[in-house]
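Welcome! Let us take a walk through this structure together, starting from a single side chain and ending with the way the chain is divided.

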Amino acid sequence: MSTWANLGLQDSASPLMEQLIFFHDHALLILVMITVLVGYLMFMLFFNNYVNRFLLHGQLIEMIWTILPAIILLFIALPSLRLLYLLDEINEPSVTLKSIGHQWYWSYEYSDFNNIEFDSYMIPTNELATDGFRLLDVDNRVILPMNSQIRILVTAADVIHSWTVPALGVKVDGTPGRLNQTNFFINRPGLFYGQCSEICGANHSFMPIVIESVPVNYFIKWISSNNS
Ligand code: CUA
């Protein structure tokens, strides 16, 4: 999760988030190179005394400074497109989780296993444990197995919400009347925090998401203990 002064992306907990971070760094590197070059050029303009009274056209330089940016953009567009298709891929999921956005909490359904379903509310500050995370901890966590492909279906019951967990690289809108799908793979155990990221009303900031990633046998134990 994010803590104080963490301005960059969170550490990834899934292969897709790792790829997203690589792409972010790649795009940022290109951005820095362009900014430095243009910044240098603009700065140097203040100090030059050269005047060319007979300059009317420059076919060659205009060809260069039109085509060169287009080529640079390709170096961003192609990896971006690769990532886009990678994020959309579904790889034989072993668990399907359905999450439904409400004003203002999430509810979850594990339809593969005896229809387990529960609501997940933020813990209010006055009820928070001393080691709890304010505005981030919930009463019922989403338990998921690590090292497994997980499919998530997102929808909403009232207005548009967005199921967003940065460490997993997941951000899917929950839209009333529609079912959105994505897929992720958690590669380590731990708690992963997320928040709704679609302005959905007065308590938009108070519908966090907590994923508890556990080894597969723990998950099976949890699932079995929930079957009544
Ligand atoms: Cu739900 Cu913002």
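With which side chain does the side chain of His 102 make a polar contact? The partner is the side chain of Ser 107, at 2.8 Å. A polar contact here is a pair of N or O atoms within 3.5 Å; within protein, one must be able to donate a hydrogen and the other to accept it, and residues adjacent in sequence count only if both atoms are side-chain atoms.

Before going on, please keep in mind that this is a predicted model, where local features need pLDDT of at least 70 and side-chain atom pairs count only at pLDDT 80 or more, while totals for chains, interfaces and linings use all residues. Residues are numbered from 1 along each chain as its sequence is written, and side-chain values use heavy atoms, with hydrogens and water left out.

Back to His 102, which sits in strand 1 (residues 95-102); strands are DSSP runs (E, at least two residues) and helices are runs of H or I, at least four residues, numbered from the N terminus. His 102 has a relative accessible area of 15%, so it is buried (buried means under 20%, exposed over 50%, partly exposed in between, with a 1.4 Å probe and protein chains only). Leaving out residues up to four places away in sequence, His 102 touches Ser 107, Ala 157, Asp 158, His 161 and Met 207, where contact means heavy atoms within 4.5 Å.

Now look for charged partners. Glu 212 and Arg 141 join their side chains in a salt bridge, 3.2 Å from N to O. The rule asks for a side-chain nitrogen of Lys or Arg within 4 Å of a carboxyl oxygen of Asp or Glu, and the count comes to one. Glu 212 lies in strand 10 (residues 209-214) and Arg 141 in the loop between strand 3 (116-120) and strand 4 (142-145), so the pair links parts of the chain 71 residues apart. Glu 212 is partly exposed at 23% relative accessibility, and Arg 141 is partly exposed at 31%.

Finally, step back to the whole chain. It is divided into domain 1 (15-88) and domain 2 (95-227), with bounds from an automatic or database domain assignment. Their centres, taken over C-alpha atoms, are 39 Å apart. Five residues of domain 1 are in contact with eight of domain 2. Across this interface the rule finds zero salt bridges. Helix 1 (residues 15-45) gives the most to the side of domain 1 that touches domain 2, with four residues.
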